[in-house]
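Take a moment with the sequence and the fold.

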Amino acid sequence: MITPNMHYADLKDSYLFYNIAQKTKAYLAQNPDKRLLRLGIGDVSLPLCDAVIKELHSAVDDQASKERFHGYMPECGAPFLREAIAEHYHKLGVMLSLDEVFVSSGASDELGDILDLFDRKSTCLVIEPAYPAYVDANIMAGRTIVHLASGKENGFLPQPSDAAKADILYICSPNNPTGAVFSREQLQAWIDFANENGSVILFDAAYEAFIEDDTVPHSIFELEGAQRCAIEICSLSKTAGFTGTRLGYTVISKQLVRNGMNLNDMWVRNRTTKTNGVSYIIQKGAAAVFTDEGRRQINENIKIYKENAKVIMRALDKLGIWYCGGKNAPYIWLRCPNNMGSWEFFDYLLNEIQVVGTPGEGFGKCGEGYFRFSTFGSQADTQEAAKRLVQLLGEVHRFAAFCAFRCRC
Ligand code: PLP
């Protein structure tokens, strides 16, 4: 009998979003007259911008024309899109050749697939709290995972140390779930550490478009030595509302070599074996994101999410609640008040003010006692949620109210 990949048996059930769905469903069943204000979602709520829609329509028309029809696309990406992406990097001061840019169907796909480049015996470092896919993809491959806990004391931005030594280093900045972002100096320390140890950094830049601070790098390749140790994985999901349209890109420098193997060449070989490229229509739509008009339009949407962030941050400031993120990221990560646990705070907000967030515990053990608000919800819901938060937690007798709630549980 065939033996399946038994590492799947080591996966822990992902209770986070299932539990949230179950709890909100049960609440609504008991309170059918209530409307939930959802600040938990990691999905965008605004549609694709006009520049993208126009290009998508035009590309559909191309597919109806004998002269302009496209069949299989180049596996690593259409030259017109690779060029647009390389030009985007050029504006950041990063010079890339087109064959260092790979077009993908999204960051999730790529974060999993890229592990093909590494030996199964290689170890991987996950800085926690973390996007859950990093851990699960490596458990499936049977890799040893080094968990590095981060916390309030280092602003959820730990620096390298002996405890962080591993072959593959995941770094996500701006971070999901904490919204924290590495400064140039902090990121440089990780690059130097990776080069000293022969490690490879998988740099998840899914949220780079939310960076507003000039001193924060958008790309790891803005820093010295990154081309020799990093792979950057990007996505248009949050940048341009492509969560359902699907497009991402990955940058691997020709200079990235380990054990005599060139990782760029290996990835070309991998893609040409395992994919037939991303659809022509989607790549055309994606190219519009990199035009001046497309950029202007997606920035209008990002501005709306940033307004939501300000509304939530103002409420937390008023309440004196500790948080990070929100400025250069679409997530706000807060300390649950009154030493509440993550799920306890979730229940409290759901029952008292019908606000739904994400319990920090779902992103790793050190997320316990923390909570994530997303800024991707509607503006009206975000404003109402912030108002209710201030009312609930800002009352003079809030502690008594909280104790009463605890007794009921
Ligand atoms: N990386 C991080 C940190 C994310 O939060 C997400 C999605 O939420 C992704 C990657 C996946 O992005 P994509 O939609 O491109 O698969």
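Which residues does Leu389 touch, not counting residues up to four places away in sequence? Leu389 touches Leu319, Leu349, Ile353, Phe373 and Gly394. Contact here means heavy atoms within 4.5 Å.

Some ground rules come next. This is a predicted model, in which local features need pLDDT of at least 70 and side-chain atom pairs count only at pLDDT 80 or more, while totals for chains, interfaces and linings use all residues. Residues are numbered from 1 along each chain as its sequence is written, and side-chain values use heavy atoms, with hydrogens and water left out.

Back to Leu389. This residue lies in helix H12. Helices (H or I, at least four residues) and strands (E, at least two) are DSSP runs, numbered from the N terminus. Leu389 counts as buried, at 3% relative accessibility. Buried means under 20% relative accessible area, exposed means over 50%, and partly exposed is in between (1.4 Å probe, protein chains only). Tyr348 is 41 residues from Leu389 in sequence. In space, the two are 11 Å apart, C-alpha to C-alpha.

Now look at Asn308, in helix H10. Asn308 is buried too, with a relative accessibility of 2%. Leaving out residues up to four places away in sequence, Asn308 touches Thr375, Gly377, Ser378, Gln379 and Thr382. Gln227 is 81 residues away along the chain, and its C-alpha atom is separated from that of Asn308 by 35 Å.

How do the two helices H10 and H12 meet? Two packed helices are described by the angle between their axes and the distance between the axes. The axes of H10 and H12 cross at roughly 5 degrees and come within 9 Å. Axes are lines fitted to C-alpha atoms, for helices over the stretch in contact, and angles run from 0 to 180 degrees between N-to-C directions. H10 is therefore roughly parallel to H12. Angles under 35 degrees count as roughly parallel, over 145 as roughly antiparallel, 65 to 115 as roughly perpendicular and the rest as oblique. Asn308 and Leu389 both take part in this contact. Among the other residues are Ile304, Val311 and Leu319 of H10, and Gln379, Ala386 and Leu393 of H12. By class, the contact of H10 with H12 has nine nonpolar, five polar and two charged residues. Ala, Val, Leu, Ile, Met, Phe, Trp, Tyr, Cys and Pro count as nonpolar, Asp, Glu, Lys and Arg as charged, and the others, Gly among them, as polar.

The contact includes Ala51, Val52 and Leu56 of H2, and Tyr280, Ile281 and Ala288 of H9. Its residues divide into ten nonpolar, two polar and three charged.

Move on to a strand. Val103 lies in strand S2 (residues 101–104) and is buried, at 5% relative accessibility. Beyond its neighbours within four places in sequence, Val103 is in contact with several residues, including Cys76, Leu81, Ile85, Leu247 and Val278.

Last come the charges. Side chains of opposite charge can pair when their charged atoms come close. The whole structure holds 19 salt bridges. A salt bridge is a side-chain nitrogen of Lys or Arg within 4 Å of a carboxyl oxygen of Asp or Glu. One of them joins Glu212 and Lys306, with the closest N and O atoms 2.8 Å apart. Glu212 lies in the loop between strand S6 (200–204) and strand S7 (230–235) and Lys306 in helix H10 (residues 292–319), so the pair ties together parts 94 residues apart in sequence. Glu212 is partly exposed, at 41%, whereas Lys306 is buried, at 14%.

Other pairs sit within one helix. Arg296 and Glu293 meet in a salt bridge of 2.8 Å, N to O. They are three residues apart in helix H10, about one helical turn. Glu384 pairs with Arg388 at 2.9 Å between the closest N and O atoms. Both lie in helix H12 (residues 379–394), four residues apart. Elsewhere, salt bridges that share partners join Glu110, Asp113 and Arg271 into one network.
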